[in-house]
Amino acid sequence: MPRLAFGGDYNPDQWDRDVWREDIRLMQRAGVNLVSLGIFSWSWIEPDQDRFDFSGMDEVIALLHEGGVSVDLATPSASPPPWFSEEYPDAQFVDHLGRSLGHGSRQGFCPSSPDYRRRAGVVADRLARRYGEHPAVVMWHVGNEIGGYNTHCHCPTSAEAFRSWLRARHGDLDGLNRAWGTAFWSQRYSAWSQVRIPGATPGRTNPAQQLDYYRFASDEVLACYRTERDILHLHSPGRPVTTNFMAGSFKWADYCAWGTEVDLVTNDHYLVASDPEAHTGLAFSADLSRGIAAGRPWLLMEHSTSAVQWQPRNTAKRPGEMLRNSLAHIARGSDGACFFQWRQSDSGVEKWHSAMVPQGGESTRIWQEVVRLGAVLRRIGEVAGSTVTGEVAMLWDYENYWALEMGGRPSVDLEYATEAEAWHRAVWQQGVVCDVIPSDVSADVLSRYRLVLLPSHYLATPGTVRALTAYVHGGGHLLVGPFSGLVDRDDRLHPGPHPGALRDLLGLTVDEFLPLREGAALTLDSGLTGRIWAEAVHPDGTDGAVVDARFADGPAAGGPALLRHSAGAGLARYAATRFDDSSLRALIAGALDEAGVGSTAPGAGDGVEVVRRTAEDGRSWLFVLNHTDDTVEVACGGVELLSNTTITGRLTVGAGDVAVVRESGSPDAG
């Protein structure tokens, strides 16, 4: 594997052979050391069923190897060819309205189809046997963005697979009826044949049924990955196998459950072009990727050199922004920066998507910035393998994401990911790194952090509650957002007063939820502004329960809005509303201060991102990214790698620029 990977998706089958050698020349000039090859190549290497042609792939891999470029070889299972759709019509994807969606895009298949899994396994097997020991192939890449378009199939095959999944989970129909609460609306099942995938119904669907279906669907696409992974491990031992996530973007694949299934966590990330603060969303996605990887280095498998083509308005990146984006991912734990794609397509859906080699070739600004980025990654290659650890953690949970945003909740404005990103952004603005970690976590892991954030945790499992309770009693600081702790894994209310499973830890009860009208706001007597939500809350009357602020107006006027509860050696705080951005920033700043958390370096925050990576041998590096339009100064000392300049006290970073500093006291990396 390269020290810091640099390259992108390479699709030579889109081009004539005379372009291939030119590609190698340009890769060498740019410093490319890794390409993802063959992601959409199924029809290239298997043009008809069981008729394989590897001549083109053989030639390309030989050219790459000769040119010193390593290969992340992909299985092409993301996009079955037309012959597959014709040969296996029952394997086509069926949407929630019962419509079979035809060939012509990608991921046009049912993940539960045995025919799909068998044929995907065949092509993976042929690739692994042919290239599994090839010296150019350093890793394997299963499919592409699994679970993006076709996670929720409603065909008869999926329905039968769902019933099998339910039998394994609930045992028998009595267990299923208890879990789903089927006494409501006369839904009790007396035969497995009656159980269907939740689809279009006259009224709302049973939420426990819906939640189980989301779990099942995530498990099915994971099973597709496992099928191919196991084949690759068998025939190409020792080479890591991965698939590219969309952490922070895709909702329906439970990546927290996938982290241990891949040998290396990889992620794709694309900026939201309409968001002027999109770099904070980048930080969230990177921190979540690192959390899924359990703190280990991960890899940015895809991002864009400039504009994409699938957003409503695809604005281009400004000069220097590609470098800054790439180093922001590396700062937060990625061991490289790769792109979609190497050469800009001249046809197809994504021909207006930017690439490392634009249509205009070497004369373009983007190409010059690609060459510069390659040189930068070579200069900072010593950071590879180092890690990032924050003093603050935020718990993230896909089942909570699904459960909170199903219908029938008190307010459609209670969004899961939006609130989590807002809390993360408020930490980012203080110049503090926040690890985003799966909620299925032990107290030992939580004990590493001074402050734990729980912005939205509607569905509370016993394991998470036990870990949080032990964390607080052991001296930790916890901040919890509203409408949390209420239901179990079957979407059944926890017994007793709200907030259910978190009631004792928080030292309070909630009598009533009081959602606000659309666009309404309220104020606290502390001056903070709430939105979306209020609650009628009462402290439990113990000595450790204290009201920090009250609602000054709104439906809960005069009642507690911010509360704290001393539990053991620690502190649990609760917010009974959601806040606007400035108020949330003030709330988070206070929680950080109370927990004794300071910024990574003096000068960090307010648009200046400073992140530290640390190696096992004691070396450490500061990444300083200036997202502002002004020159800034950051306090640090060491060697600035990009300029080979010794820094003693203050580092000056120009508007929109970046710096990487090996800190003073670190052993010389040579």
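Modeller: Let's start with Asn150, whose side chain reaches the backbone oxygen of Phe109 at 2.8 Å. A polar contact is a pair of N or O atoms within 3.5 Å; within protein, one must be able to donate a hydrogen and the other to accept it, and residues adjacent in sequence count only if both atoms are side-chain atoms. This is a predicted model, where local features need pLDDT of at least 70 and side-chain atom pairs count only at pLDDT 80 or more, while totals for chains, interfaces and linings use all residues. Residues are numbered from 1 along each chain as its sequence is written, and side-chain values use heavy atoms, with hydrogens and water left out.

Biologist: Is Asn150 buried or exposed?

Modeller: Buried means under 20% relative accessible area, exposed over 50%, partly exposed in between (1.4 Å probe, protein chains only). Asn150 has 2% relative accessibility, so it counts as buried.

Biologist: Which residues is Asn150 in contact with, leaving aside neighbours within four places in sequence?

Modeller: Contact means heavy atoms within 4.5 Å. For Asn150, that gives Phe93, Gln107, Phe109 and Pro111.

Biologist: In what sense do β22 and β23 pair?

Modeller: Strands (E, at least two residues) are DSSP runs, numbered from the N terminus, and two of them pair if DSSP finds at least two bridges between them. Here β22 (residues 608-614) and β23 (residues 620-626) are antiparallel, over seven bridges. Arg612 has Leu622 in β23 as its bridge partner. The two strands form a hairpin with five residues between them, and Gly618 in the turn has a positive phi of about 100 degrees.

Conventions. Helix = DSSP H or I, 4+ residues; strand = E, 2+ residues; numbered from the N terminus.
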